[in-house]
Amino acid sequence: MRVLLVQTKTLLDEPPIFPLGLAYLAGALRAAGHQVYGHDCNLGIGDSRALRRAVVTVRPDVIGVSIRNIKNARPGMHLSTVQEHQAVLRTIREQAANAPIVVGGSGFSLYAQELMKEIPEIDLGVFGEGEQTFPALLADLDNPGSLEGVLWRDDGAIRFTGRSTPVPFGLSERPAWGLFDVRAYAREPMGIAVQAKRGCALDCIHCSNHYLFQRTLRVREPGQVVDELEQLVRDYGLSAFMFADEIFNHPRSHADAIAEEMLRRGLKLRWTGWFKERGLAEESVMLWRRAGCQAMFFSPDVASDELLDLWGKGLREEDLYHAVEILRRTGMSGEWNFMINGPGETSESLAKLGRFLLRSKLKLGGRFRLNGCFVLVVRIYPHTRLQAYAVEHGVIEADDDLLEPVYYNPAPMSSRIAPLLAALGAVWRTRQFVRVLKNPATYRD
Ligand code: B12
Ligand code: SF4
């Protein structure tokens with residue numbers, strides 16, 4: 001079959017990121033014997049014209065559309081992307097009246113039924129990982145109900161066969177990186193990512209990852225991960241990337257094996273990733289540093305034992321301080337994310353956050369950084385424990401579909417946070433403006 005894969009825009013107010021999901025998916029489709037073409041709405045001007053041209057030129061039998069983000073988690077930023085996704089799907093439908101449109105991606109999976117209700121152009125949906133499900137669906141398009149992880153329309157109703165059972169993570173075929181413009185994305189520090197594992201064993205209160213990708217950890221063979229990096233260096237001169245794992249250092253042995261393999265092959269790459277503070281070992285941090293790790297990202301989100309427990313972070317205050325100490329000893333840099341006024345916040349917990357920030361800054365100086373937007377309030381996503389908590393605390397109704405953003409940000413603290421968020425929004429927009437001036441390829445109309 002001729003399959004056209006379309007990446008919808010990720011976000012207007014963030015640097016775009018390479019369509020990794022579609023590159024992995026395209027590898028699996030090619031292995032199943034399909035002819036695969038790509039179109040990326042993320043880069044460049046005149047999207048809808050270019051999209052129309054792509055559909056007309058490819059004459060696809062099936063169109064796969066990826067919706068990665070539904071919208072930004074940050075209040076005051078670009079809030080709704082649903083209409084933009086809708087416009088893309090409408091354009092495709094106008095040019096290809098008869099080709100089935102299949103939609104997937106994490107943003108889609110999170111709101112699959114709601115999006116299918118809002119956007120009639122979607123014929124079929126794939127929940128979660130697509131490498132197995134999409135080729136299987138294409139092999140039997142008339143019988144979607146026979147596969148796990150599929151949504152389809154049936155006499156006006158939307159049916160869903162339920163989440164798929166997690167399968168081992170190993171890409172038997174080469175990801176189709178060449179389907180999209182790797183070099184344009186590589187200009188952004190976090191534009192390119194490679195995935196070394198799937199799943200996260202934790203279930204933090206606000207996070208939907210356990211719903212989307214499940215809690216069973218599935219690691220990819222380290223040699224295969226490094227093969228992919230080598231290919232990116234050879235074919236595109238890649239010099240920096242990030243690991244797209246939820247937590248790179250769980251399990252530690254896997255992270256170490258990847259770093260050792262990178263060193264053994266003499267790869268000179270700068271990289272980052274998300275790390276967990278608990279169990280952080282000095283030897284490993286030194287090894288990752290030697291292998292090119294530039295900065296470790298941490299997201300404890302809160303900084304007091306009471307909140308760490310309530311949020312299910314699997315951390316204690318001492319773990320946070322331990323990580324800072326290891327970074328001090330190893331000369332590594334770190335970037336931290338926190339959220340405020342979320343479940344359980346009190347003046348004591350805020351004071352503990354203030355103390356952590358101050359002490360860490362004193363210890364690490366310029367190597368202690370906060371994510372530009374650290375003053376986040378918590379967005380309530382569906383399928384999270386926070387959704388149930390917010391219903392229980394009267395913040396949302398049980399039937400709220402959460403498609404338009406709702407934040408857990410109760411009074412009286414919320415009114416004090418509002419001016420801070422407005423100032424932050426202005427700083428963020430200025431930064432984005434400067435970024436676009438530096439790299440016009442990332443401008444999107
Ligand atoms: C790494 C990561 C990042 C990195 C990305 C670095 C990079 N260059 O890629 C950084 C830190 C920059 C980042 C930023 C953001 N992220 Co992020 N990120 C992730 C994370 C942990 C992994 C994403 C990934 O690459 N996965 C690997 C690829 C292979 O998987 P995939 O894209 O999902 O594709 C698979 C399936 O979805 C499916 N699929 C995809 N498309 C299609 C299409 C079809 C037709 C089919 C059949 C299947 C299919 O098949 C693919 C292969 O299995 C996920 C959580 C997670 N576990 O996935 C969150 C996640 C994707 N991020 C999310 C969000 C919200 C953001 C931000 C908007 C945060 C913010 N500011 O609010 C920004 C947006 C950045 C942008 N410009 O788009 C959400 C998106 C869902 C949502 N809530 O809208 C996620 C799911 C986290 C969550 N649970 O909320 N992120
Ligand atoms: S550790 Fe990160 S990915 Fe895992 S559940 Fe918590 S917030 Fe989500």
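From which domains does the shell around ligand 1 draw at least three residues each? In this predicted model, the shell around ligand 1 takes at least three residues from domain 1 (2-160) and at least three from domain 2 (184-376).

The protein chain contains 16 helices and 17 strands. Its C-alpha atoms occupy a box of roughly 60 × 55 × 45 Å along the principal axes. Of the 445 residues, 42% count as buried. When contacts between residues at least 6 apart in sequence are considered, 75% of them join residues at least 24 apart.

In soluble globular proteins, nonpolar side chains tend to be buried together. The largest nonpolar core of this model comprises 114 residues, and Leu 5, Ile 63, Ile 92 and Ile 101 are those with the most contacts inside it. Helix H1 (residues 20-31) makes the greatest contribution to this core, with eight residues. Domain 1 (2-160) and domain 2 (184-376) each provide at least three residues of the core. With neighbours within four places in sequence set aside, the contacts of Ile 101 include Ile 63 and Ile 92, which are themselves among the core residues with the most contacts. Ile 101 is also in contact with Val 65, Leu 89 and Ile 122, as well as with Arg 93, Glu 121 and Asp 123.

Ligand 1 is surrounded by 47 residues, the closest being Thr 10, Gly 21, Gly 64, Gly 104 and Gly 130. By class, 26 residues of this shell are nonpolar, 15 are polar and six are charged. At least two shell residues come from each of H1, strand S3 (62-66), strand S4 (101-104), helix H4 (106-110) and helix H8 (209-213).

The residues around ligand 2 include three cysteines, Cys 200, Cys 204 and Cys 207. Leu 202, Asp 203, Asn 209, His 210, Glu 246 and Ile 247 also belong to this shell. Five residues around ligand 2 are nonpolar, two are polar and two are charged.

How values were computed. Residues are numbered from 1 along each chain as its sequence is written. Chains are lettered from A and ligands numbered from 1 in the order in which they are written. This is a predicted model: local features need pLDDT of at least 70, side-chain atom pairs count only at pLDDT 80 or more; totals for chains, interfaces and linings use all residues. Helices (H or I, at least four residues) and strands (E, at least two) are DSSP runs, numbered from the N terminus. A residue is buried if 20 or more other C-beta atoms lie within 10 Å of its own, exposed if 12 or fewer, and partly exposed in between; C-beta atoms are placed from the backbone. Two residues are in contact if their C-beta atoms, placed from the backbone, lie within 7 Å. A nonpolar core is a set of buried Ala, Val, Leu, Ile, Met, Phe, Trp, Tyr and Cys residues joined through C-beta atoms within 7 Å. Domain bounds come from an automatic or database domain assignment. A residue is near a molecule or strand if its C-beta atom, placed from the backbone, lies within 6 Å of it. Ala, Val, Leu, Ile, Met, Phe, Trp, Tyr, Cys and Pro count as nonpolar, Asp, Glu, Lys and Arg as charged, and the others, Gly among them, as polar.
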